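Have the sequence and the coordinates open as you read.

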Amino acid sequence: MDKFYAYLDRMKFIKRWQLMRSTREENIMEHSHQVAFLTHALCLIENEVYGGGVNTERAVLYALYHEVSEVMTGDMPTPVKYFNGQLHGEYEKVERLAVDKIAATLPEPLKGALYPLLQADKTSEEYAFVKAADKLSAYLKCLEELRSGNSEFVQAEKTIREALLQKQMRAVGYFFEHFIPAFSLTLDELETLDNR
């Protein structure tokens, strides 16, 4: 019996934002889906608007699997994960071990193709787009919570926006200019506003 996809299915049970009061819970499965499509968007912008050469398929697959370790570790809150360099380094080791344990449940014919996506090349250009999309996903969560009147996310929104803009990625700047404003609209406003 092969257990890999049963492990991945458990991503829907792992909650994010555990240290903050949220108006809506978010799990790592939905987060991974959002990061995948945001990664796709950033890569498309980079390649189609700016003539870049990012391997979009690889980046999106990295994004899809970027939280797999959390099936074993849970979602470590950012303030804890980045408390100091030593703790962050140790947590990265734990994440790698968790991914290895889950990858070991793959049948051999699939392991060779999937393992490089599970243990992404964190020095690659593609992974930089995943990290930007991951941060962008967190920013969108902040906007959602603020729209719901949850002031718990005021500081997080400022901090994450600043971190995103400091990346100085032209695709991120383009996304902020062209797409972020629409995230403050209601469904009725999305349906009725002129899209020009």
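Ile-160 has a relative accessibility of 10%, so it counts as buried (under 20% relative accessible area is buried, over 50% exposed and in between partly exposed, with a 1.4 Å probe and protein chains only). Setting aside residues up to four places away in sequence, Ile-160 touches Trp-17, Lys-135, Ala-138, Tyr-139 and Cys-142, where contact means heavy atoms within 4.5 Å. Leu-136 sits 24 residues away along the chain from Ile-160, and their C-alpha atoms are 8.0 Å apart.

Before going further, a word on ground rules: this is a predicted model, local features need pLDDT of at least 70, side-chain atom pairs count only at pLDDT 80 or more, and totals for chains, interfaces and linings use all residues. Residues are numbered from 1 along each chain as its sequence is written, and side-chain values use heavy atoms, with hydrogens and water left out.

## How α8 and α9 pack

Helix α8 (residues 125–147) and helix α9 (residues 154–166) have axes that come within 9 Å and cross at roughly 150°. Those axes are lines fitted to C-alpha atoms, for helices over the stretch in contact, with angles from 0 to 180 degrees between N-to-C directions. The pair is therefore roughly antiparallel (over 145 degrees; under 35 is roughly parallel, 65 to 115 roughly perpendicular, and the rest oblique). The crossing of α8 and α9 is left-handed, meaning the near helix is turned anticlockwise from the far one by less than a right angle; clockwise would be right-handed.

On the α8 side, the contact includes Ala-132, Lys-135, Leu-136 and Tyr-139, while α9 brings in Val-154, Glu-157, Ile-160 and Arg-161, among others. The residues of this α8–α9 contact split into twelve nonpolar, no polar and three charged. In that count Ala, Val, Leu, Ile, Met, Phe, Trp, Tyr, Cys and Pro are nonpolar, Asp, Glu, Lys and Arg are charged, and the others, Gly among them, are polar.

Phe-176 belongs to helix α10 (residues 170–178). With a relative accessible area of 14%, Phe-176 is buried. Leaving out neighbours within four places in sequence, Phe-176 is in contact with Leu-136, Tyr-139, Arg-161, Leu-164, Leu-165 and Pro-181.

Back in helix α8 we find Ala-128, which is partly exposed at 34% relative accessibility. Ala-128 and Lys-101 are 27 residues apart in sequence, with 25 Å between their C-alpha atoms.

## The α6–α7 pair

Helix α6 (residues 85–103) packs against helix α7 (residues 108–118) at an angle of about 160°, their axes 11 Å apart. That makes the two roughly antiparallel. The crossing of α6 and α7 is right-handed.

Who meets whom? Val-99, Asp-100 and Ala-103 from α6 come up against Lys-111, Tyr-115 and Leu-118 from α7. The contact residues of α6 with α7 divide into four nonpolar, no polar and two charged.

## Asn-47

Last stop: helix α2 (residues 28–49), which holds Asn-47. Asn-47 counts as buried, at 17% relative accessibility. Its side chain reaches the backbone nitrogen of Gly-53 at 3.2 Å. Not counting residues up to four places away in sequence, Asn-47 touches Gly-52, Gly-53, Val-54 and Thr-56.

Technical notes. Helix = DSSP H or I, 4+ residues; strand = E, 2+ residues; numbered from the N terminus. Polar contact = N/O pair within 3.5 Å; in protein donor to acceptor, adjacent residues only side chain to side chain.
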